[in-house]
Amino acid sequence: MPEIMEQPLFNFTTYPAIGEDDWRYIYATAEIRAIEDKLLGQPFFAELAGAKNIKDALDMLSGTDYAVSAGANGQETEQMLGRRRSEVRRLFERLIDNEKIVEFFQSPIDFANMRLAIRRLVLEKPLSDDYCDLGGVSVAQFEAAFSDEDYGGLPEHLQEGIEAGVLGYYKNKNVRDIDFAIDKVEADFLLDEAMGVGGVFLEELFRIQTDLTNIKTMFRMKYSNSQLRNMFFDDGYIEPSRLAQCLEAGYDTIVQNFLATPYQYVVEAGAAGLQKENSFIKLEAACDAHLNGFLKTTRYITAGTQPIIAYLLLKEQEIKMMRMVLACKKSQIEPEIILDRLAI
Amino acid sequence: MQGNINATRMELLRLRRRVSLAERGHKLLSDKRDEISRQLILISRQLGMLRKEVEQELVETSRRFVMARATMEPEHIRAAMDVPTKTFSLAINFASIMSVRVPRFTKDIAGEIISYGFANTSGELDIALRGLEKVFDRLLELAEKEKQAQLLADELQKTRRRVNVLEHVVIPELGEMIRFIYAKLAEAERDNISRLMKIADIIRA
């Protein structure tokens, strides 16, 4: 395990290996290093959360990438955030120069578009053309495939997803089963892609994301006393059987079950948030913080795809946090709640 | 007005009947006004608490929804929420409170409010939607009671105006007319007596 030996000691018990340097990406990594300092930090967001009102918050953004006019409404703000997201995706595609990795990050958007299209299809709603245009399949191609019900032109994994989604729906005529079926296909596809790219980073990233999704799912099922079973993905580090056991256990026992894992603090935060505040905010913030921590370990890589991928995800997280803070300021939500959810 | 009055016994009888009717109407309307006031106070007492609770729950629900919506990517929130699976129909029947037609809502809700997977959605969205589902019954109750209160308040205003018109205008005016006719008839009676006395004096002389 040479990769693990190269990790700094303090990350060793929390995060898995991130792989080795790839000198083909020396220029791209240098470009990322030059711009990653511009990422807004926790203090900036804390100050933004404490702004007196939305106008003051928008004023504070004037010197950043997120500047909008003082009287900007929610739609204009959302458009600005959408533009920032498109820009970072374009930059990522330019720098990464690896179709498989690009596809890995585009396909979740394709799957999201597909979920929406299948729902509209089976419930006989108009298909419309308001799909997200950041995926690998263009909106026009997507719309044409669904309106003609001819999916031959779509990538194979999407065809598989469509088949699974439609079959899932017609089994019980339950719209939720479309998502469950597509989620499984998506997880299998992403794992294959991650393994196919080579190197450990993408695979480890996927496994951490899967674990965090499974932990969130476990808490959501437990909170709502859900009777659903087999909802966990198999591809993480945490065994689904352990998560299934947690559904029957009390919150204290759940925390104990995760004591020897890197997710101890995530689970502790989640259990405390649900017990004290009936809220998933702290759990979701802890999950984001855990993933950010993993992405930040790519600082120790001199050249490679890892810093570029990490930048994309950290920038998207920054955009998400910006949306959250502005939406909360607009709705006059207390700064304490905003700070609880902040994960940068 | 008194100039137009036909000062006859027939008119007097007619006016007396009208006064009696107006007094009975006044009594009935006063009772109606009191009962509507009582009902209105009862409803408004419930309404204050109910509105406060519903508003609190709605604020909490919308706070959670804002948080969930803001922390999910737009394509995921659209995929989860764009095609709703819960159907809702509302039937409005009418009941009568003190002859005021007040609405009674009957709802018919089918389907699950949560119709998305776990992978790309927020737990806060689950809580927000379940909260909305829970508050919906109370929201309808609030709408029903507020409409009832509004209709009863309108009716109370109308009834109070009618009672006041009867009490301060119609009945006093009728009384005035009756007094006038009495006076006229008494005068005619005195005329008649003095005329008869004069005739009697002429005959005696």
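This is a predicted model: local features need pLDDT of at least 70, side-chain atom pairs count only at pLDDT 80 or more; totals for chains, interfaces and linings use all residues.

Reader: How many salt bridges over all chains?

Author: The search of the whole structure finds 43.

Reader: Which parts of the chain does the pair A:Glu31 and A:Arg94 link?

Author: Their side chains meet in a salt bridge, 2.7 Å from N to O. A:Glu31 is in helix α3 of chain A and A:Arg94 in helix α6 of chain A, 63 residues apart.

Reader: Is A:Glu31 buried or exposed?

Author: A:Glu31 is buried, because its relative accessible area is 19% and the cut-off for buried is under 20%. A:Arg94 counts as exposed, at 52%.

Reader: OK, A:Lys315. What does it form a salt bridge with?

Author: With A:Glu318, the closest N and O atoms being 3.1 Å apart. Both lie in helix α16 of chain A, about one turn of the helix apart. A:Lys315 is buried at 6% relative accessibility, and A:Glu318 is buried at 2%.

Reader: New topic. Which residues gather in the patch of negative charge?

Author: A:Glu156, A:Glu160, A:Glu163, A:Asp188, A:Asp192 and A:Asp234, on the surface. Helices α9 and α10 of chain A each give two or more residues. α9 gives the most, with three.

Reader: And which residues make the nonpolar patch?

Author: B:Phe88, B:Leu90, B:Ile92, B:Phe94 and B:Ile109, about 440 Å² of surface. Strand β1 of chain B supplies the largest share, four residues. B:Leu90 sits in that strand and is partly exposed, at 37% relative accessibility.

Notes: Residues are numbered from 1 along each chain as its sequence is written. Chains are lettered from A and ligands numbered from 1 in the order in which they are written. Side-chain values use heavy atoms; hydrogens and water are left out. Patches are made of residues with over 30% relative accessible area and no salt bridge: like charges are joined within 9 Å, nonpolar side chains (Val, Leu, Ile, Met, Phe, Trp, Tyr) within 5 Å. Accessible areas come from the Shrake-Rupley method with a 1.4 Å probe; for residues, only the protein chains shown count as cover. A salt bridge is a side-chain nitrogen of Lys or Arg within 4 Å of a carboxyl oxygen of Asp or Glu. Lys and Arg count as positive and Asp and Glu as negative; His and the chain ends are not counted. The place of a charge is taken as NZ of Lys, CZ of Arg, CG of Asp or CD of Glu. Buried means under 20% relative accessible area, exposed over 50%, partly exposed in between (1.4 Å probe, protein chains only).
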